[in-house]
Amino acid sequence: MSRMRFIQFYSISAIILLSIVLNSCSTAGGNRYFGSTKFPKDNVLRYISGAEPESLDPQISSGQPEARIYTALYDGLVEFDPKTLQPIPSIAENWEISPGVDEFIFHLRKNARWSDGAPLTANDFVYSLRRGFAPETTSRTASLGYFVKYAEAFNGNQVFIRRGDKFITENDVAEKPADAPVPPPFGPETDFHKFLHAPARLTLDGDTLKRAQAVEPNQKLKEFFKFTAADFKNAPALAAKIKNGGDPLSQYLAANMPADALACAAAADCSDAARQAFADGLNKATDAASFFTQDWFAGLTLAEPAKKLGDVVAAENKKRADANKKIDDEIAQLTDDAKKAEKEKTKKKPLGKLFYANRFVLEQSFPDELAPVEAVPVKGEDIGVEALDDYTLRITLRQPAPFFLGLLTHQFFRPVPRQAVEKWGKEWVRPEHIVTCGSFKVKEYRPYDKLVVERDPNNWDAANVHLDGIEFYPVEEQATTLNLYKAGAVDAFLNHSVPASWIDEVRQYKDEYMNLPENATSYYSFNVRKPPFDNPKIRQAFSLSIDRVALSQFRKITKPLYHITPSGIFPDYDRAMDKVGEEIRQEKKLTPEEWDKQQKQFNPELARKFLNDNGFPVNKAGDGFECPSFPTDKVVLLFNTTESNRQIAEFIQAQWKQNLGITVPLNNMEFKTFLPFRNSLQYQGLALSLWSGDYMDPYTFLSLHYGEQNDGGAGFHDPKYDKMLDDANAELDPQKRNEKMARAEYYLIDQLPVIPLTINATNWMKKPYVKGMYPNPGTLFAWKFIYLEPDPAKWDTDVENLMNVSDPQVENQLRALKSTMTK
Amino acid sequence: MIIPMALLVITLTWALVRIAPGNFYTQEKKLPPAVEENIKKKYGLDKPWYQQYGIMMWNVVRGDFGSSLKYEGQTVNEIIWRHFPYSATIGILAYVLALLIGLTAGVIASLKQNSIFDYGSTSLAMLGLSVPNFVLGPLLVLVFSFWLYWLPPARWSLAGLVLPVVTLAAIYAAYIARLTRAGMLEVMRSDYIRTARAKGLDEKTVLLRHGLRGGIIPVVSFTGPALAALLAGTVVVEKVFAIPGLGNIFIQSVLNRDEPLVLGIVAFLSILIMVFNLLVDISYGFLDPRIRYE
């Protein structure tokens, strides 16, 4: 074979290969359904669930793949409506809600059972919630349930503060004490309920040093920690010890209080006034910045907790001093004064005065003479969950939360079997030990291969579970997922799994391709704490110069997002947004066109004006623009590494270049590297965020920017915004609440801590014979509604929007379940 | 030698996992600081690093890699022994297939040098080498699952073994064919083959008893480590065909920052590879009379 023939050989094989590949794209076009569509032999649904589940324990993991599995294995108080995701009765037959929307009483059905046959009662829910919030459980979703009274304090190892027989309440230390009357009891009154209904107790960090740091700046709180005459168990003995000055601590105290404060040393002179003077003297000596830095401190023999605290403080101060010394060295090398000043700001102050820590040392050093301010750990028994009897459960919240019922569908609130957890410890989830309470129970588990579940005959609703079982396959590769589906080896697969290159092909199969708006958004968060994006006008300029319609067309399966909450998911809220928007338009005296233009948020002209007005003039340069003064070396657009994230970033980079003349550099990181980098605000400029709502209420999006520590990724915090949301949640009328939230949202859009980009869409497939499985906004399934339809005449055909198709079987089942609500 | 090497590898891996940002509990939704502290306390991550290293090493030396951080309630040893057989099955089958095809093709090509067989098998070998398995795999799926409907496109089953095994074998078969051809060509021209022929041995004996033994030495030194790599699981093929093998788990454990599992698999693989290299060294002695161990 000559060289020519060699080349011929290869070109021919290349052409054959290419034609194979190209051919594959056109073969399926003629069929009604995608690939092989054969009704399965068994009445078992085969579902690709994504990543291998971390654990079958519903309270630990926060993962999406697991969530689908948990809903099959565990019933909750309430279940999702298969279409709307609103809560419907499950183990709770019906419920009552207190007038203040902060207490819920659930009436449980009497025939609920575990898969081992044991009855499932209100006590199981009490146990499960206490376990879920217990610090040693290390649940990663527990924070969802912090609305339950004292749950956050219990989960975070916090303590109540007791002086004598009285606990300090939040009202005691609030700047403006609330004088709301205690509401009448909701449901039967019990001792525990009295405790829950009493004014909220103050909770502080369980760590002594952190507690001391929290006490120091709050004068009102500090007062509660001051020594009083009542604190002396034995004033004369203590005064005598200090006066005699046997140890360095006593010497220090004696030297730092007025001499007459120690009059109590002689028991006969220890009048009430003398005791008070002694207490004042102790306060004076203890409230001194120098306490922990005394030379004598190192040589002091202290009881264990005080010694440890002293060590921690000393170590922390040394660490800070060392860090500052390093900064000093760096400053010495700098020449630029401005940079020097900037560096100077990064220095850390020493811990300084910590009155409560000092008092703690005294309490520990003189245990027989001084009564401590007691720190009482918050226990599981303190959280707002109470079994009134075996079949009645009361949950008390710390604040009104109209969305709480919807939150209860979440896996965290589903019960775990005390009998198995206590017997087997963390191994209770192994297939040989596991006990569940859902429509299905574990039959076979082969990690990374399949999890097979079968209908649980012990389940209270087993008669209405249509499938004999479900096989969950942990497959993550999108192409493999689609292959299995196309070959008819699976009946449905998880959301976001059709590869981008296949979307155009599969979207022709409308009966199978599920493409509807999702309870999820994508946005770029600004680091609002670093210039230049600390200026809201600059932030708006960057948002105004993005054409979102074009972006969504480019992305194919998303819709433009103009606000914080996705539209089309919460219809009532959408109406409230329109109404409030109109009010604001009139307040601002804008014409409808102007308002509309502002809302569409694509207005490059205005964007350039904002930049011009804020010190970054944009000039015309040829066909485009340039903005030479914008510090592109100080901003980066950061995203986690995926192909689609890169495409979006490049698209938006091009828009800024075109409309503002600014080229923002791109950077990408592996997911687990990216998350802590973004969340700790180390990034400069912008970072991608995705948010899937935790429950079906706009608050799950609005709360992203609520409070000092939030999930928004922007570092944004505005007390005014927090206040607006608090007010909204205290509003009991749903419509007024929506309007108040809408006000807050418009306020947030003015501040614009993020660039809203897209409302995400579901992107998965199911075979036409799978019924009762809907592309709802969370892609969450109430598995007992799902059935396989053997009659091809009844398969999904020519479906435009499956959510609008009525299925009598599903609706009857839903109606029957809901009928208990009015009992 | 193997043990200290393995310990060194473990130490390096441990350091790398530690340097990588993120944790096994890193998630989209930020954890409250108190919860993060609880997690650190529960898994001993709040101790100074040298203590953590000491504890880890002490456990490793005793052969106890502890429990997976990600998959609560499963021990590392259990996970490795559960998933190694999947990888090993596919690996051994692919290895045997590659040897059969590669040796046959190589020998034929060398015997009929410059014939159509030679060009054909050399070309196929070039193709096998230059088509990566993430291309070959899907291509085979297309033909055998979607055109012919003969074989399932993925997941573990008897019929499902065929495609991953062929995909995996292709590149090794190609390599072995080339090595065999080259080795055989060289050996068949050597003096001792001429001597064997001169003795009047028939061609079959010359080829199989004398030629092949010398000709496949390069193949042996290649296939030793290759077998270890095949047994250990191959990430791409296991991903494409959704095989629950060790390679798949290994990648996932790194992405999950599941430190005990990463260390366990690294230790297991490094020992596996070192043992196979040792076996290869020993087998030289049996194949080539010129190599003898004292």
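This is a predicted model: local features need pLDDT of at least 70, side-chain atom pairs count only at pLDDT 80 or more; totals for chains, interfaces and linings use all residues.
Is the crossing of H7(B) and H9(B) right-handed or left-handed? It is right-handed.

**A helix crossing in chain B**

Helix H7 of chain B spans residues 162–188, and helix H9 of chain B spans residues 203–215. Their axes come within 9 Å. They cross at roughly 115°. H7(B) contributes Gly183(B), Met184(B), Val187(B) and Met188(B) to the contact. On the H9(B) side, the residues met include Glu203(B), Val206(B), Leu207(B) and His210(B). Gly211(B), Leu212(B), Gly214(B) and Gly215(B) also belong to the H9(B) side. By class, the residues of this contact are six nonpolar, five polar and one charged.

**Chain A overall**

Chain A has 823 residues, of which 55% are buried. Its secondary structure amounts to 29 helices and 27 strands. Taken along the principal axes, the C-alpha atoms fill a box of roughly 110 × 75 × 70 Å. Consider the contacts in chain A with a separation of 6 or more: residues 24 or more positions apart account for 73% of them.

**Aromatic pairs**

Over all chains, the structure holds 54 aromatic pairs.

| Pair | Centre to centre | Angle between planes | Class |
|---|---|---|---|
| Phe192(A) and Phe195(A) | 5.9 Å | 40° | tilted |
| Phe526(A) and Phe533(A) | 4.7 Å | 50° | tilted |

Phe192(A) and Phe195(A) both sit in helix H6 of chain A, residues 191–197. They are three residues apart, so about one helical turn separates them. Both Phe192(A) and Phe195(A) are buried.

**Charges over rings**

Which ring lies under the charged end of Arg608(A)? It is the ring of Phe625(A), with the charged end 3.9 Å from the ring centre.

**Backbone details**

Pro531(A) and Pro532(A) are joined by a cis peptide bond, with omega at about 5°. Pro532(A) belongs to the loop between strand S17 (517–526) and helix H19 (536–544) of chain A.

For Asn157(A), phi is about 55°. Asn157(A) is placed in the loop between helix H4 (151–155) and strand S6 (159–163) of chain A. For Arg257(B), phi is near 55°. Arg257(B) occupies the loop between helix H12 (246–255) and helix H13 (259–287) of chain B.

Are these residues buried or partly exposed? Asn157(A) counts as partly exposed, because its relative accessibility is 32%. Arg257(B) has a relative accessible area of 9%, so it counts as buried. The cut-off for buried is under 20%.

Methods: Residues are numbered from 1 along each chain as its sequence is written. Chains are lettered from A and ligands numbered from 1 in the order in which they are written. Side-chain values use heavy atoms; hydrogens and water are left out. Helices (H or I, at least four residues) and strands (E, at least two) are DSSP runs, numbered from the N terminus. Buried means under 20% relative accessible area, exposed over 50%, partly exposed in between (1.4 Å probe, protein chains only). Rings of Phe, Tyr and Trp (its six-membered ring) pair if their centres lie within 6.5 Å; planes under 30 degrees apart count as stacked, over 60 as edge-to-face and the rest as tilted. A charge sits over a ring if NZ of Lys or CZ of Arg is within 6 Å of the ring centre and within 35 degrees of the ring normal. Axes are lines fitted to C-alpha atoms, for helices over the stretch in contact, and angles run from 0 to 180 degrees between N-to-C directions. A crossing is left-handed if the near helix is turned anticlockwise from the far one by less than a right angle, and right-handed if clockwise. Contact means heavy atoms within 4.5 Å. Ala, Val, Leu, Ile, Met, Phe, Trp, Tyr, Cys and Pro count as nonpolar, Asp, Glu, Lys and Arg as charged, and the others, Gly among them, as polar.
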